[in-house]
Every structure is written in C-alpha cells, then in structure tokens.
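Please look over the sequence and structure before reading on.

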Amino acid sequence: MEFVRTALADSLKVDKLISFHYFEYANGFIFEGERHDFWELLYVDRGTVEVRADDRTYELKQGHMIFHKPDEFHTVQVKPHHKPPHLVVLSFECDSSGMDALRDLVLTLSDADRQWLSLAVQEGFRAFSPPFDDPSEHRLVRRPDAPFGSEQLMRSHLEILLISLVRAVSVAESGKPPGKLTTEFKANFEQELSERIVAYLKEHLSEPLTLEQLCTQFHVGKSRLKQIFHDRFRCGVMEYYRALKLEEAKSLIREHKYNLTEISAKLGYASIHYFSREFKKNAGMSPSEYAKTVKMKSGMY
C-alpha cells in the first residue's frame, strides 16, 4: 500500500521573535516612540495606558490589545489619572497575509485568547533571561536551564492566539453568529464561577477573606473550589488572593499617593511588618526597596 504524505500548510507563521517584555509602569511614564519593520503587539494586563499609533490615539484598559503594523510609529504614555498599567509587549516577524486582518484594530481578548497569551508569556519567562522590564533592551538571552521545547511552545501559543484573533475578526466582519464551541466555552459553569470569584476578590482586597467565606458566598465546596482554581490558574484560591493584594500594593506604590503604612492598612494587613514580610516573599524585595526602584526608573531621584 502506498502512503501519501501530506505537508501541512502554515496559514500563519511567526518567523522570528524580536523582543519580549513585561512592563509595570508608574504614573508619568512616557515612551517617546519608535517605528520598525516588524509587528508588535501590546496587551494591557492591568491598569490603563494611552497609546498612539501613527495619527490615532487610544486609551487602552485591562483586556485590550493593539497590533502595531510594520513601519507604524507608536508611543506609550501613562497619565496621572491612569491606573498604573502592567503591559505585555511582543515584537516579531510574520510575513503571513493573515496578519492584515489585525491592522489598525484594538481588540478585547476573550478568556480563551487570554489563556493562549498567558501560556506564551509563561513559556517566554522559561525560555529567556531577564530583564523583561527594560524598554531599551531588545536582545533576547536564552536561559541555559530552559525546559525542553520552551521556545517552540512560546511560538506555538503565540501562533494559536494570532490565528484565533484572525478568525474572530473574520467572523465579526461576516456578521455570522459565533460557533457552537465558542458559545459553549463562554457558558461553561466553572469559567463563569471563577470569573465571579476573581471579581469578588478584587472588590474585597481590604478584607481578610477566608476560604470558608468564599465557599459560603458562592455555594461551592472547598475541594471543588480548590480544583477549579488549580485547573484555571495553577494555584490555590487564597494564594491567588494574596497575589492580587500584593499586585495592588505595587500599583499603589507606583501611584505615589500613599505611604507604606497607609497602603498596608488599605489592603487589610494586620501590621506593616506582616505586609513587608509578605511583599518581600512575593517580590524579592521590601516595599521600601521597590518604591526606590520605581522612583529611579521614573527619574524622580
């Protein structure tokens, strides 16, 4: 019997990665701008930021993504009234015609697309060494201890994200309803429940919530709640809650409106000493050291 070998077509292929950044910007930050001959995506993981793309200006919020096409001049600015942002910025070469669908668009990512981006970022952290927060550093340094296939997985997750977005744009332009799989995914009980719990956690960062309180609030058992968060976020619900508190602490420090004692109280810590200990465990430095780093990056010294 003769076996026919079919070469699989590449509808969209990322040829080379140029840079990979994860920024935590403070209020007042300004990136004067640049243009280059490759694609760049910017995703707002948290907060708000103003982005200019040629003659267009956008205020992007959490969940928004913009693509800068080759040779497009673009800038970034964090204004005083903005919530200090966390930004994912990836630049890459891609000659596939499918990318044309993403020109001049600001997109709001679905939960599925956020997951693909998150996986790409996680593999990027495994594949390459820091710094990831220096806008002037574009040289990627491979980690000698990178897990097997990390660069390929990063590219694969990025390509899946891009293909998913091109498909979504195509469906939106055609006026057709979304497919059954997408509808079922969005309606999935565990996803909706985890989203409601995360929203609740964010609204109650100043309170000492317990696992028992969350189970009562959302009528779910402890083991089930733990499993949902482990499957979706690879951590426990209380670990996720502590991480939210500490990310909010970083944001408040970058706003320069409150001292560390006030921030500790606003986030419901029993004492400034406990707050400092938890912060250092998470960030690798004390709150005061982090504040000094922020001031240095902002040119406030």
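## Confidence

What pLDDT does the chain average, and what share of the residues score at least 70? The model is predicted; the chain averages a pLDDT of 88, and 93% of the residues score at least 70.

Over residues 180-187, pLDDT stays under 50. For this stretch the model has seven contacts beyond four places in sequence.

## Ser96

Ser96 is placed in the loop between β8 (86-93) and β9 (106-108). Is Ser96 buried or exposed? Ser96 counts as buried because its relative accessibility is 17%, and the cut-off for buried is under 20%.

Apart from neighbours within four places in sequence, Ser96 is in contact with Ser11, Leu12 and Lys13. With Lys13, the side chain of Ser96 reaches the backbone nitrogen at 3.0 Å.

## Aromatic pairs

The structure holds 14 aromatic pairs. One of them joins Phe233 and Tyr240, with 4.6 Å centre to centre and 45° between the planes; this pair is tilted. Phe233 is partly exposed, at a relative accessible area of 26%, whereas Tyr240 counts as buried at 19% relative accessibility.

Which residues do ring pairs link into a cluster? The cluster consists of Tyr269, Tyr274, Phe275, Phe279 and Tyr290.

## Lysines over rings

Tyr269, a member of that cluster, also has the charged end of Lys245 over its ring, 5.4 Å from the centre. Elsewhere, Lys266 lies over the face of Tyr258, with 4.8 Å to the ring centre.

Terms used
Residues are numbered from 1 along each chain as its sequence is written. This is a predicted model: local features need pLDDT of at least 70, side-chain atom pairs count only at pLDDT 80 or more; totals for chains, interfaces and linings use all residues. Side-chain values use heavy atoms; hydrogens and water are left out. pLDDT is the predictor's confidence in each residue, from 0 to 100. Contact means heavy atoms within 4.5 Å. Helices (H or I, at least four residues) and strands (E, at least two) are DSSP runs, numbered from the N terminus. Buried means under 20% relative accessible area, exposed over 50%, partly exposed in between (1.4 Å probe, protein chains only). A polar contact is a pair of N or O atoms within 3.5 Å; within protein, one must be able to donate a hydrogen and the other to accept it, and residues adjacent in sequence count only if both atoms are side-chain atoms. Rings of Phe, Tyr and Trp (its six-membered ring) pair if their centres lie within 6.5 Å; planes under 30 degrees apart count as stacked, over 60 as edge-to-face and the rest as tilted. A charge sits over a ring if NZ of Lys or CZ of Arg is within 6 Å of the ring centre and within 35 degrees of the ring normal.
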